[in-house]
Amino acid sequence: MAELVLMRNFEHPASHTLAVYRQHGGYAAWEKARQLEPAAIVDEVKQSNLRGLGGAGFPTGAKWSFIPKNHTGPVYLVVNADEGEPGTFKDRYLLEKDPHALIEGMLIAARAIRSALGFVYIRGEYVQPWRRFSAAVKEAYDAGLLGHGFDVVVHRGAGAYICGEETGLISSLEGKKGWPKVKPPFPAIKGAFAQPTIVNNVETLACVPPIVARGAAWFASLGSKTQGGTRMYSVSGRVKHPGVYETSVSITLRQLIERAGGVSHTGRLKAVVPGGGSAPILTADEIDVVMDVDGLKAAGSMIGSAGVIVLDESASIPEALMVLARFYAHESCGQCTPCRESTGWIYKMVHRIVDGHGRKDDLDTIVDVARRGAGTTICAFYDGAVGPYISYIQKFRQEFELLCRS
Amino acid sequence: MSLTASPPAFSADQLAEVRRLQSLYPDRRGALLPVLHMAQETFGHISLDVETYVAGLFGLSAAHVHEVVTFYTLFFQEPKGRHIVAVCHNLSCHLAGAPELLAHLKTRLGIAPGETTDDGRITFQAVECLCACEAAPMAQVDDRYELNLTPEKLDRILEGLR
């Protein structure tokens with residue numbers, strides 16, 4: 001079993017307090033980083049092979065290096081704590097159990113990108129994590145860690161999945177509805193309040209202090225060839241011990257399900273959602289896949305936020321798709337026509353099939369509509385819906401057809 | 001509601017807090033969501049009058065504030081119950097029995113998701129993933145996450161809501 005990097009402090013009593021964080025070596029990485037040139041920090045993170053753990057899997061060091069070198073105005077660091085991907089709950093644990101790890105990661109990242117102001121956008125429903133994290137920020141101010149060249153504003157969202165999309169999040173932070181923005185310009189060039197902005201996920205930033213403290217080579221060696229480190233897999237659904245499991249990103253899906261106690265209910269695996277609701281589904285025969293960004297990509301799915309939902313033989317795939325289709329219909333922000341219209345209609349069609357009033361033709365219509373809209377919208381939300389629509393129907397067509405009346 | 005009800009207004013302390021929040025952002029409009037949270041806590045829900053009032057604090061049009069308020073699920077445009085019971089019905093909770101919980105609540109409260117009991121005690125909602133799937137099925141009851149629910153456990157929680 002790989003050592004714990006991100007959850008190393010979780011078992012300590014009062015792990016969320018500054019005193020306990022410091023007792024276990026907290027803020028030593030920041031002390032080291034403040035002696036380093038910003039470019040050296042960026043290089044270290046590049047060498048570590050850290051990839052974004054919020055969903056897109058983009059190399060973090062490379063993202064940081066996109067801030068224009070000649071820019072003289074403000075640069076903002078924005079933390080995406082708008083956790084909302086179905087099946088994902090890791091950032092909640094970090095915010096509640098190790099908030100100072102995030103603050104330390106922010107301090108180091110801010111030095112790397114020369115930012116004096118950071119925003120932490122926490123989903124509105126996360127009231128306890130928000131209180132816990134806000135208290136940690138106050139402690140950090142009182143201890144003089146914040147407020148001397150870097151300030152942090154904790155910002156509460158108000159209920160909208162799309163604000164987890166980085167440009168939707170920026171719109172929301174600016175006091176607007178959370179409509180994603182057309183890219184380019186990318187946030188690193190023109191982001192929050194029209195200034196260069198780096199948006200990073202909570203868990204991604206929590207990796208940064210260990211990288212600085214123990215070195216890029218060490219972090220890279222924990223992972224796979226193209227992705228460094230461990231990550232926190234959220235495992236739920238039909239497993240015996242649902243929970244957060246931190247392990248090397250080189251683990252396979254089969255091993256991860258075993259870590260979570262194996263399949264519950266019938267004990268027989270039917271399918272797995274490997275990377276949050278938006279990941280194309282995998283069948284029971286497809287679980288020898290390595291759970292890193294490139295492993296899942298090669299398997300035709302995605303690791304996304306590493307939210308793993310296990311479905312056993314007794315779970316209904318059409319019902320699962322109906323539940324997700326309802327989610328996409330509800331959460332589409334309404335900006336782009338293909339997404340706004342298709343998510344609504346596809347939900348109605350899947351619902352009709354589950355209710356026993358569908359036709360086999362409907363299945364082809366759903367796949368056709370999904371395909372036509374893919375890649376035509378401003379953000380990745382609709383593509384994230386298309387993956388499930390198509391993969392659930394293609395891989396489990398018979399199960400859908402059994403419910404159709406003609 | 002009296003016909004002479006005074007228009008919504010924050011106290012002097014709250015207005016100072018509004019100015020403090022506005023000063024945290026490069027553009028004061030960034031404080032709109034935090035101030036709307038404050039407004040909802042103060043006035044119970046965000047009526048058109050509250051929208052107009054908040055718009056005035058930001059130099060924004062009432063239409064912009066309306067657009068924002070209606071976009072987010074946590075802002076209420078109508079009076080809500082004294083307590084909110086929001087049951088997650090996304091995939092992990094669905095697999096763990098969310099449909100049974102929702103059916104139980106419908107019968108028990110005599111209302112459908114989105115509605116409020118006649119006595120104004122409880123607003124009942126079916127909501128998307130609250131990201132506590134390891135403890136499915138679950139619900140948010142006001143500020144708290146209630147985990148690993150059963151109909152019986154939910155009943156006990158409801159009894160504690162006055």
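1. Strand E7 (residues 269-273) of chain A is joined to E8(A) by two bridges, and the two run antiparallel. Two strands are taken as paired if DSSP finds at least two bridges between them. Strands (E, at least two residues) and helices (H or I, at least four) are DSSP runs, numbered from the N terminus. Within this pair, Thr283(A) in E8(A) is the residue opposite Ala271(A). The model is predicted: local features need pLDDT of at least 70 and side-chain atom pairs count only at pLDDT 80 or more, while totals for chains, interfaces and linings use all residues. Residues are numbered from 1 along each chain as its sequence is written, and chains are lettered from A and ligands numbered from 1 in the order in which they are written.

2. The E7-E8 pair belongs to an open sheet of five strands in chain A, with the order E6-E5-E9-E7-E8 and mixed pairing. E6 and strand E8 (282-283) of chain A each have a single partner strand and stand at the edges, so one side of each lacks a neighbour in the sheet.

3. Chain A also has an open sheet of four strands, ordered E3-E2-E1-E4, in which the pairing is parallel. Its edges are strand E3 (151-156) and strand E4 (197-201) of chain A; each has a single partner strand, so one side of each is left without a neighbour in the sheet. On average, neighbouring strands of this sheet are turned by 20° against each other, direction ignored. Axes here are lines fitted to C-alpha atoms, for helices over the stretch in contact, and angles run from 0 to 180 degrees between N-to-C directions.

4. Five bridges link strand E1 (residues 76-81) of chain A with E4(A) in the parallel sense. Leu77(A) has Ile198(A) in E4(A) as its bridge partner.

5. Helix H16 (residues 360-373) and helix H17 (residues 381-395) of chain A have axes that come within 9 Å and cross at roughly 150°. H16(A) and H17(A) are therefore roughly antiparallel to each other, a term for angles over 145 degrees, with under 35 counted as roughly parallel, 65 to 115 as roughly perpendicular and the rest as oblique. The crossing of H16(A) and H17(A) is left-handed (the near helix is turned anticlockwise from the far one by less than a right angle).

6. On H16(A), the contact includes Leu363(A), Ile366(A) and Val367(A); on H17(A), Tyr382(A) and Val386(A) are among the residues. Contact requires C-beta atoms, placed from the backbone, to lie within 7 Å. The residues of this helix contact divide into nine nonpolar, one polar and one charged. Ala, Val, Leu, Ile, Met, Phe, Trp, Tyr, Cys and Pro count as nonpolar, Asp, Glu, Lys and Arg as charged, and the others, Gly among them, as polar.

7. Chain A is divided into domain 1 (18-222), domain 2 (230-312) and domain 3 (317-403); the bounds come from an automatic or database domain assignment. The C-alpha centres of domain 1 and domain 2 of chain A lie 26 Å apart. Between these domains, 14 residues of domain 1 are in contact with 18 residues of domain 2. The domain 1 side has five nonpolar, five polar and four charged residues.

8. For chain B, the assignment gives domain 1 (12-71) and domain 2 (83-159). Their centres, taken over C-alpha atoms, are separated by 30 Å.

How values were computed. Two residues are in contact if their C-beta atoms, placed from the backbone, lie within 7 Å.
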